[in-house]
Amino acid sequence: MSLDTISLSGKKMEVSNKKMSFWESLYLVAIVKGLFITIRHLFTRKVTIKYPEQKRELSPVYRGQHMLKRDEQGRENCTACGLCAVACPAEAITMKAAERKPGEEHLYREEKYAEIYEINMLRCIFCGLCEEACPKDAIYLTETKVMVASATKREDFIYGKDRLVMPLEMALRNSKNKAS
C-alpha cells in the first residue's frame, strides 16, 4: 500500500487542475450570484429585535446567575464537599473548606463549610453540572434574567460568597412560602 492511496479521514478527493475558461476567469458569474443572494436577503424578515422595548422569550432550559442556598433557619447549605468543582468542565469553581467553630451553629448546617467559594464568571459556561452534582442542593442557577454585569477588570468577574450566597430575607421568605 502506497502513501498515495492512504486517507486518514476516509474522504480523500482528487483535485483537478482544470484550466478556467475566459468567462470563469472574470468571475462575473460568481459576482452576479453573490449580488442575487444579497438582494434576496433585503426582502426577508429581520431577525433582530429592538431590545429595550422588546424582550426575547427565554428558553425553558435557561440557566441564569448562580446562587448558594440557605435553609429555613438562614444557615448555608454548602458543606464544601467539592463535587461541584470536580463536575465543572470549565474548572471555574474554587473553594476552601474550614471547620465550624463553636458558636457558629446558626451560620452553617454541618461541621464543615466553605470558607472561600469562588466562581470565575469568565470561565463559567452556565452548563448546570455544578447544580446537578451538589448532594445538598446548595448551589443552583436562578431563573432570573440577571446576567453577569459588565466590568473592566478581571477581578470583578470572580464572584465570591458575598455575591453568591442567597440573601437572608429571601431564604426566610422562601421558608414561609413552603410552609403555607
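Biologist: What should I know before we start?

Modeller: The model is predicted, so local features need pLDDT of at least 70 and side-chain atom pairs count only at pLDDT 80 or more, while totals for chains, interfaces and linings use all residues. Residues are numbered from 1 along each chain as its sequence is written, and side-chain values use heavy atoms, with hydrogens and water left out.

Biologist: What makes strand 2 and strand 3 a pair?

Modeller: Bridges do. Strands here are DSSP runs of E with at least two residues, helices are runs of H or I with at least four, and both are numbered from the N terminus. Two strands pair if DSSP finds at least two bridges between them. Strand 2 (residues 93-99) and strand 3 (residues 112-120) have 7 bridges in the antiparallel sense, so they pass that test.

Biologist: Why are strand 2 and strand 5 called edges?

Modeller: The open sheet has 3 strands in the order 2-3-5, with antiparallel pairing. Strand 2 and strand 5 each have a single partner strand, so one side of each has no neighbour in the sheet.

Biologist: Why is the pair F22 and W23 called edge-to-face?

Modeller: Rings of Phe, Tyr and Trp (its six-membered ring) pair if their centres lie within 6.5 Å; planes under 30 degrees apart are stacked, over 60 edge-to-face, and the rest tilted. That rule gives 2 aromatic pairs. For F22 and W23, the centres are 5.5 Å apart and the planes 70° apart, which makes the pair edge-to-face.

Biologist: And what makes Y108 and Y113 stacked?

Modeller: Their ring centres are 3.8 Å apart and their planes at 10°, so that pair is stacked.

Biologist: What makes a group of residues a nonpolar core?

Modeller: It's a set of buried Ala, Val, Leu, Ile, Met, Phe, Trp, Tyr and Cys residues joined through side-chain atoms within 4.5 Å. The largest one has 22 residues, and those with the most contacts inside it include I93, Y117 and M121. Strand 3 gives the most to this core, with 3 residues. Contact means heavy atoms within 4.5 Å. Beyond residues up to four places away in sequence, M121 touches several others, among them F126, F157 and L164.

Biologist: Why is K161 with E76 called a salt bridge?

Modeller: The label needs a side-chain nitrogen of Lys or Arg within 4 Å of a carboxyl oxygen of Asp or Glu. For K161 and E76, the closest N and O atoms are 2.8 Å apart. K161 lies in helix 5 and E76 in the loop between strand 1 and helix 3, so the pair ties together parts 85 residues apart in sequence. Both K161 and E76 are buried.

Biologist: How many salt bridges are there in the whole structure?

Modeller: The search finds 5. One of them joins R75 and D71 at 3.0 Å, and D71 is buried at 6%. Another joins K96 and E115 at 3.6 Å, N to O.

Biologist: Why are K96 and E115 called partly exposed?

Modeller: K96 has a relative accessible area of 45% and E115 has 39%, so both fall between the buried and exposed cut-offs.

Terms used:
Buried < 20%, exposed > 50% of the residue type's maximum accessible area, 1.4 Å probe, protein only.
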